[in-house]
Amino acid sequence: MTATREQVTEVLARIALPDGGDLISRDLIRALSVDGGVVRFVIEAATPDQARALAPVQAAAEAALKTLPGITSVQAVMTAHGPAPKAPPQVIRSSGGAEPPPSLKIGGHPTPQPGGPQKLSGIDRIIAIGSGKGGVGKSTVSSNLAVALARQGRRVGLLDADIYGPSQARMMGVTKRPSSIDGKIIEPLQAHGVTMMSMGLLLKEGEAVVWRGPMLMGALQQLLTQVAWGQLDVLLVDLPPGTGDVQLSLAQRAHLTGAILVSTPQDVALLDAMKALDMFVKLKTPVLGLIENMSSYICPNCGHEAHIFGHGGVAAEAERLGLPFLGELPLALEVRQSGDSGTPIAAGEGPHAEAYARLAHRLIAGGMA
Ligand SMILES: Nc1ncnc2c1ncn2[C@@H]1O[C@H](COP(=O)(O)OP(=O)(O)OP(=O)(O)O)[C@@H](O)[C@H]1O
């Protein structure tokens with residue numbers, strides 16, 4: 001029996017901070033997920049100094065969580081806001097693949113951009129895919145929707161901007177590293193008809209990075225403008241969960257067609273989802289609609305349909321808010337297995353692929369993709 005999210009939260013609530021309170025009461029934990037024995041989370045410090053002071057707290061949290069039943073690995077990442085230090089930005093050298101590895105400085109200060117959000121050359125539309133909290137299936141929806149759109153003839157890009165837990169390389173089955181001929185422009189990768197790029201592909205495996213606001217903005221800017229995306233009908237951006245620097249920088253840098261919010265039926269009315277919605281409204285990003293993931297569960301053995309997380313909550317909430325409800329996607333073992341195996345379920349045939357095909361069709365028909 002693997003420890004639950006609640007048990008993990010209880011342990012984190014027992015980890016005291018040097019200046020009082022604990023990791024939970026001080027609201028420092030972001031993007032917590034418990035997935036098959038792997039716990040992932042981000043400790044969001046207010047400043048780089050606080051991040052340094054919290055290093056022993058991070059170690060204590062990791063050690064305490066590893067004692068929980070069924071927890072095999074704990075991946076904690078520290079982030080910090082506030083002014084970045086004068087140190088030069090990191091130089092990331094990717095490796096692998098036949099091409100010469102790119103030498104890319106990622107995470108440097110963004111260059112000033114006059115005139116607010118810009119249209120990116122060659123990219124007709126950009127859709128941000130967000131969620132109130134982690135683990136609701138935002139990355140799964142992004143990869144499957146990208147594949148479903150590509151199958152309907154659209155030129156689709158997928159940018160994994162979930163720096164805290166980049167998962168698109170695994171979900172899309174990409175193992176190659178991106179290459180760059182001149183060390184400036186990155187060649188994206190191709191998978192299942194989709195052009196893709198992930199922050200994760202530029203970091204060394206298992207590398208934990210202290211991302212600061214300005215570094216993040218620089219990195220995101222590079223992924224938007226230094227990747228040879230080519231001509232795209234739509235670029236889907238898989239955001240980190242919640243509300244934060246990546247969401248803010250994306251909306252400030254790029255002219256977004258809109259945002260789609262993914263939620264499970266039980267999470268939609270919760271504060272996290274509402275905060276995420278509110279953020280897009282404040283950023284003046286049109287909310288294109290809500291998607292209910294893990295909507296219903298059809299037993300593969302007997303065909304019985306159960307609503308593990310409730311059902312219809314997202315449609316009702318969308319109606320209450322006057323936002324489009326874009327569709328519901330069932331909870332199914334095959335969906336997770338396909339994601340884990342690197343071939344999104346939307347690439348095949350069957351009811352789940354059809355659900356994504358309908359969603360893609362709806363977006364195309366509405367001129368959104
Ligand atoms: N409809 C579904 N049916 C079954 N499993 C699903 C479904 N949607 C997502 N999952 C599984 O749930 C887990 C979390 O999904 P995913 O990584 O897409 O969530 P996320 O919201 O992007 O989380 P995070 O932002 O924390 O990375 C994954 O193991 C994924 O395979």
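I looked first at contacts in the protein chain, where two residues touch if their C-beta atoms, placed from the backbone, lie within 7 Å. Among contacts between residues at least 6 apart in sequence, 77% join residues at least 24 apart.

I noted that this is a predicted model, in which local features need pLDDT of at least 70 and side-chain atom pairs count only at pLDDT 80 or more, while totals for chains, interfaces and linings use all residues. Residues are numbered from 1 along each chain as its sequence is written.

I then checked burial, calling a residue buried if 20 or more other C-beta atoms, placed from the backbone, lie within 10 Å of its own. Of the 369 residues of the protein chain, 47% are buried, and in strand β2 (residues 38–45) six of the eight residues are buried.

β1 and β2 pair in the antiparallel sense over five bridges, and R30 has V42 in β2 as its bridge partner. The two strands form a hairpin with two residues between them, and G36 in the turn has a positive phi of about 50°.

The ligand is surrounded by 23 residues, the closest being G134, G137, S139, T140 and R336.

Definitions and conventions:
Near = placed C-beta within 6 Å. Buried ≥ 20, exposed ≤ 12 C-beta atoms within 10 Å, placed from the backbone. Helix = DSSP H or I, 4+ residues; strand = E, 2+ residues; numbered from the N terminus. Pairing = 2+ DSSP bridges.
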